[in-house]
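Trainee: I would like a close look at one part of this model, the contact between two of its chains. Please take me through that contact and then through the salt bridges.

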Amino acid sequence: MMRVLRERKGLQLFGLMLPGGFWLIVFFLIPIAVIGAISLMGRDDLGSPTLPLTLDAYVESVDAIYFELFLFSIWLSFLTTIATLVIAMPVALFITRLPKKWRNTMVFLVMIPFWTNFLVRTYALLFLMRANGPINNALMDLKLITEPLSMLSTPFAVWIGLVYGNLPFMILPLYSSLEKFDWTLIEAAQDLGANTSKAFFRVMLPLTAPGLLAGSILTFVPAVGSYITVELMGGGKTTMIGRVIATQFGTAGNWPLGSAMSIVLMVIVTIAALLYFRVGRGERIAL
Amino acid sequence: MPDTLPVDCAVELRDVVKKFGDVTAVDHVSLAIRNKEFFAMLGPSGCGKTTCLRMIAGFERPNTGEVYINGEAQGATPPFERNVNTVFQSYALFPHMTVAQNVSFGLEMRRVAPADVKRRVGEALDLVRLPQMAGRYPKQMSGGQQQRVALARALVNRPQVLLLDEPLGALDQKLRKEMQLELKSLQTQVGITFVFVTHDQEEALTMSDRICVMSQGRALQVGTPVEIYERPNCRFVADFIGETNFVNGKITVIEGEFATVETAAGMRVVGRIDHAPGQRPAIGAAATLSIRPEKMVLAEKRPDATANAYEVRVISVGYVGSDTRVVVSLGGERVDVWEQNSVSTLDPNYFFHPGETAWLTFKPDNGLVLTA
Amino acid sequence: MTTPSSSAMLGGKRRTQPLIPFETAGKLGRFGLLSAALLTFAFLYVPIIVLVIFSFNSARTGAVWQGFTLAWYEKMFGNERLIDAALKSLIIAGVSTLISVVIGTLTALAMERYRFRSKPVWDGLLYMPVIVPEIVAGVSLAMFFSLLSGAIRSIVTAVTGEVPDDVDVRGFFTLVVSHVAFSMPFVYLTVRARLADFDHALEEAAQDLGANELRTFVRITLPLLMPGVISGALLALTLSIDDFIISFFVNGKGWNTLPIYIWSALKQGVTPEINAVSTALLLFSIGIVVLSLVVQRRHT
């Protein structure tokens, strides 16, 4: 059946798009433009942005310290994405093999952490891993250690925090993609002589790639700009871009630098997203 | 195509063209559908029949040409202002409303008084034989029942024309046949014009008063089922309706109502030729003889007829109970012959067997020489 | 070696979900899958469960179990600032969700039903809030509002000749506006997905029966779209209540939301009271998820 799209019915369309369009432009695009503008400004002694326009902030944002910081953030986020992928795949597979009734319950169980407060979830992890926390206390009670393990404030802690926080974002798209997968194709491959691993790599993986990529983007992007997780799990010692940006607008009072870093961060994220749209097939994610 | 336009015209399409981008879905179609007629639009998918229907309903507007309903040009009139109703292919019953609410929807839109609405809904449901279903929801009903609700919903508004878009497509064979009869009797009962779109030619032949055969956006032929079947005006129609055999060649003789077609191999067949003025072909023109399988006779011995008698070899024999379908080779070409088993016998020699030779004849009257 | 497919033996009718191919990997494979899944679920839930348990712990500090108590919950309900923050969160969430839903639905209708040249641009634009990191959204809005405050100050000065003491637009207005900005695209995506699956024939049928475009929309389209709209609304509600980063950067005096309160409490030290608040928030979120599922199930 043909779907009829109305040709631009001028006024009607304008009215429909007006609120959304207005909101996006005024409260999204323009603020980013503001940041962009500030990133090109210099700064005076009080820390306020000044003219004339200059690229100083950008230069500063890619100097040694911050450059390392960017690399570290990207690297850690990348590790997070890999880890979540490895963990999420078996779970998603597991859910697809359950009978229909159970599948919905399982998805529901995965959705709950997805819907609960990110701050609370990260705090839960923090609580668990503290020097004075249940894990340490249990280990000490069991006489396995004499001193509490200092797990927090390390890159490891931040990584765990990122994996923990972003896991549901990987499981759901992955599951969605696997669910649509036609298993008879695997049978056909086996019928034609492929063993399990060949069937997996040559048939299943390519076809589930879009879901994989969607999940990867949904994990990588929040991770790279992460603030809450870094602040809570990294203490003061391990830090990432998101936190540094926040400080620039807070105590450090260097707005142009913060803005420049934000722009760079956005560029990184946009590149990742473009990679997805180029390689994946832009499958719409069912929310 | 139609010769003279009847005065009593429910729907008319005049030289209608509809394009979607580069694709021409309807290519200069002119049709006149009479009042109280059961009119079928028949053709393979993509032929433009549904697009024509949608233009009558008002969901599409012709690029050029005009749609008339009851003599009035429709122009850009939207569907909700036209006095026609549609039964959709997927039924399109409103899932969030009960059967009664579905059926009364059109009446509500026209602000019919509630008491009248109740009565008319009851009548409509009685008409389609679903009196107890008023409070049910569509998803609680079978496909056949849903279809009847869709019918009731359309008919309750007493439209001048009822449009049906392949309404029986989703039903199983048995239900289909039942519904065909029901629809036909319903139409007679209600007394309005039905315009029925289908790709099933058996359906069209059974139910319609007249059929329009369409292909690739063009209306090829309009006529009664008998006219369409016995006097197709082109190869497509001859082939699309029922089964037929084609013999291709050139016209060598034209004598009165008959013409002789000679194949490249030198075989001659004689058949009727169309008399329509300006349609007489010239000698030497390429032509095809169309002869239907049931119109031919297979015999053991050479018959007396002088024309259209050929020796053939039997390739295969298919017994289907009521008739026998024999495939023979006529000079290398495959020909289907259907013979009715009008004699009850167990004698195996009654039937032909593969490999045997036989004589194939048909009367020139039964063959049709086509040049289109 | 090929395994005979059970589906082939089921009278020739193929199921779309035949026996798992990894069956050929044997019992080990299946056991591995099960244990991996269980471990993952444990990983996801253990911290949360521990958090909840310790909200009932009578010990002031530390995670040594000392006894069951509801004291922390009592304290929580008696904490004025906390209750105030919770209320503020609810108000902001309510108002912004309402606005988001309306805007998101209108936008979804426009994008799904109409053809216009700038569509791809809008498609991209509408995906941006999903992709842009929250920290960037937060600081950019903060800067924007700061600019706005400055502009208003200048205008007031120019008009009245007096320099106002302190112009700060931040507060309720900025919170609501920012929340709408980031939740609207999610409502839009949800409603648009629902629209895409919408059976267009239903609207044609309504028009065929005499309903003009407005009446078709009100009687047919909207009711059938409702489950999607409600899903979107619940999503927006959750996003708003849970939001920390953006709220942190755009809030004003006296407009602390619950996550902001929790954050500042955390900065001062971990207490079981925070556990109690967290548990309450958790239950609230779960309630919304359940609600969302009930709504969806009722209409499918």
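Mentor: Between chain B and chain C, about 1900 Å² of area is buried, and carbon and sulfur atoms give 61% of it. On the chain B side, Phe80(B), His96(B) and Met109(B) lose the most area to chain C, together 33% of what that side buries. Keep in mind that this is a predicted model.

The contact draws 24 residues from chain B and 18 residues from chain C. Across this interface there are 2 salt bridges. Arg219(C) forms a salt bridge with Glu108(B), where the closest N and O atoms are 3.2 Å apart. Polar contacts between chain B and chain C come to 6 residue pairs, with both residues at pLDDT 80 or more.

As for which elements of chain B take part, helix H1 (49-57), strand E6 (84-87) and helix H2 (99-109) each supply at least two residues of the side that touches chain C. H2(B) gives the most to that side, with 4 residues. Sorted by class, the side of chain B that touches chain C has 13 nonpolar, 6 polar and 5 charged residues.

Now the salt bridges in general. Over all chains the count is 30. Within chain B, the side chains of Glu203(B) and Arg176(B) meet in one of them, at 3.1 Å from N to O. Glu203(B) lies in helix H6 (residues 201-207) and Arg176(B) in helix H5 (residues 173-190), so this pair ties together parts of chain B that are 27 residues apart in sequence. Glu203(B) counts as buried because its relative accessibility is 2%, under the 20% cut-off. Arg176(B), at 14% relative accessibility, counts as buried too.

Helix H5 of chain B also holds Lys184(B), which forms a salt bridge with Asp209(B), the closest N and O atoms being 3.3 Å apart. Asp209(B) sits in the loop between H6 and strand E9 (210-215), so the pair ties together parts that are 25 residues apart in sequence. Lys184(B) is partly exposed, with 24% relative accessible area, and Asp209(B) is partly exposed at 32%.

In chain C, a salt bridge joins the side chains of Arg192(C) and Glu112(C), at 2.7 Å from N to O. Arg192(C) belongs to helix H7 (residues 172-196) and Glu112(C) to helix H4 (residues 80-113), so parts of chain C that are 80 residues apart in sequence are tied together. Both Arg192(C) and Glu112(C) are buried. Elsewhere, salt bridges that share partners join Glu231(A), Arg243(A) and Lys267(C) into one network.

Terms used:
Residues numbered from 1 in each chain as written. Chains lettered and ligands numbered in written order. Predicted model: local features only at pLDDT ≥ 70, side-chain atom pairs only at ≥ 80, totals over all residues. Heavy atoms only, no water. Salt bridge = Lys/Arg side-chain N within 4 Å of Asp/Glu carboxyl O. Buried < 20%, exposed > 50% of the residue type's maximum accessible area, 1.4 Å probe, protein only. Contact = heavy atoms within 4.5 Å. Buried area = accessible area lost by both parts, 1.4 Å probe. Polar contact = N/O pair within 3.5 Å; in protein donor to acceptor, adjacent residues only side chain to side chain. Nonpolar A, V, L, I, M, F, W, Y, C, P; charged D, E, K, R; others polar.
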